[in-house]
Amino acid sequence: MEGDIKMKVADNRFEEKYIERIKKFPNQILDEHEYAIQQGFSYFASDKYKDKFIGKPPKGVKKKMIRDAIAGKAPLLGVFSNMLGTIRGMIQNFKDAEEYVVELEKTGRIVDESSICSESVWQELQKYAWDKHNVLIGFTEVPREYIFKRKALLFKYAIVCIQEMKEEAINKAPLIEASYEALRVYNSLGKATNDMTRWLKENHGIKCMACSPMGGLVDTVPLAQKAGLGGVGHNGLLITPQFGPRQRISVIFVNRPIFDFTDSKEHLWINEFCKNCRTCERKCEANAIYTNKIKNDTTGFVTSIDREKCYPYFSKTGGCGVCIKVCPFSKGNSSYEKIKDRYFSKEKKYIN
Ligand code: SF4
Ligand code: SF4
């Protein structure tokens with residue numbers, strides 16, 4: 001499988017070049033773990049999947065998109081502009097990081113004299129992220145184990161960012177309309193992440209690098225859980241108090257531990273809750289969600305999702321999303337609190 005991997009849209013040549021260059025400085029970067037596995041979009045960019053890759057929707061889906069556009073049901077131009085915007089944003093990530101790579105190549109290290117930020121800068125950033133972009137953030141250190149195979153990071157701290165996908169659109173899953181929403185948020189969160197990165201650089205001189213929600217350097221789901229933003233559900237998705245499983249995740253990598261970590265285990269009860277729910281498992285048309293988790297790497301992070309079973313259905317429908325739609329945490333933005341209250345009630349029971 002490894003030899004088959006061909007970098008396509010999601011792992012553009014800018015990323016390839018960036019990885020190749022920084023890997024020449026193993027003592028200055030955070031490199032992949034020796035047991036790292038191929039995940040993210042690179043996995044589906046292999047020869048095995050090349051005709052079904054997300055940047056190239058299957059024929060039936062393409063026809064449906066065009067039919068919807070003609071019938072005025074889908075913003076075809078919007079879909080393409082979101083695709084282009086997402087790709088443009090990803091490329092920008094690596095162009096913006098060029099100054100650090102050049103510094104590393106010239107001097108053998110990256111000098112960073114930025115000081116630890118006060119709590120007020122964190123609050124300022126939180127406010128900027130929410131007021132301007134409807135983005136929520138957390139801050140943590142990246143465990144090496146979360147870096148994907150053949151990837152590496154220049155900076156080992158992470159501002160993890162989440163942005164909501166609207167319930168009304170996700171409720172249409174597995175129709176393509178739900179995927180239009182995912183695509184909209186990939187673009188919108190990508191732009192927000194690039195803008196917040198610029199804000200940190202320009203206002204506080206912080207050395208940092210944006211990573212698109214479609215970027216494939218690290219596994220953002222357990223990273224967001226570590227940063228205290230939510231818990232990982234049986235559907236393999238981050239579940240947060242604000243949006244349930246309806247969000248995309250991006251990262252801004254930072255050179256120094258400039259903020260207090262927001263790490264928390266307060267959402268880990270979701271894991272126990274899922275044991276008595278399993279709605280996503282029952283509703284998955286592809287039977288891709290197993291009752292028992294599969295441990296296939298060294299991260300200590302296990303999953304119930306069989307990607308080999310998920311992907312054909314995901315591809316056929318142009319993005320599926322049923323396991324997001326049916327999750328009880330997806331029903332309105334106060335569902336997390338309601339479910340939590342019931343779960344921790346005296347009876348410790350939840351009626352779905
Ligand atoms: S995306 Fe669809 S096919 Fe894949 S696990 Fe979720 S419900 Fe199943
Ligand atoms: S549908 Fe149920 S089991 Fe699946 S992630 Fe949501 S709460 Fe957990």
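A residue counts as near a molecule or strand if its C-beta atom, placed from the backbone, lies within 6 Å of it. This is a predicted model, where local features need pLDDT of at least 70, side-chain atom pairs count only at pLDDT 80 or more, and totals for chains, interfaces and linings use all residues. Residues are numbered from 1 along each chain as its sequence is written, while chains are lettered from A and ligands numbered from 1 in the order in which they are written.

**View 1. The shell around ligand 1.** Around ligand 1 sit Cys 284, Ala 286, Ala 288, Ile 289, Ile 305, Cys 310, Tyr 313, Phe 314, Cys 320, Val 322 and Cys 323. By class that makes 11 nonpolar, no polar and no charged residues; here Ala, Val, Leu, Ile, Met, Phe, Trp, Tyr, Cys and Pro count as nonpolar, Asp, Glu, Lys and Arg as charged, and the others, Gly among them, as polar. Helices (H or I, at least four residues) and strands (E, at least two) are DSSP runs, numbered from the N terminus.

**View 2. The shell around ligand 2.** Of the 13 residues here, Gly 233, Cys 274, Cys 277, Cys 280 and Cys 327 come nearest.

**View 3. Helix α7.** Residues 176-204 form this 29-residue helix, reaching 41 Å from first C-alpha to last, close to the 42 Å expected at 1.5 Å a residue (1.5 Å times one less than the number of residues). Of its 29 residues, 21 are buried, so α7 is largely enclosed by the rest of the structure. Buried means that 20 or more other C-beta atoms lie within 10 Å of a residue's own, with C-beta atoms placed from the backbone. Just after α7, Gly 205 takes a positive phi of about 60°.

**View 4. Strand β4 and its partners.** All 8 of the 8 residues of β4 (157-164) are buried, so the strand is largely enclosed by the rest of the structure. Tyr 157, Ile 159, Cys 161 and Gln 163 point one way, and Ala 158, Val 160, Ile 162 and Glu 164 the other. Strand β2 (135-141) runs antiparallel to β4, joined by 7 bridges (strands pair if DSSP finds at least two bridges between them), with Leu 136 opposite Ile 162. Strand β8 (247-254) is also antiparallel to β4, through 8 bridges; there, Ser 250 partners Cys 161.

Technical notes: A residue is buried if 20 or more other C-beta atoms lie within 10 Å of its own, exposed if 12 or fewer, and partly exposed in between; C-beta atoms are placed from the backbone.
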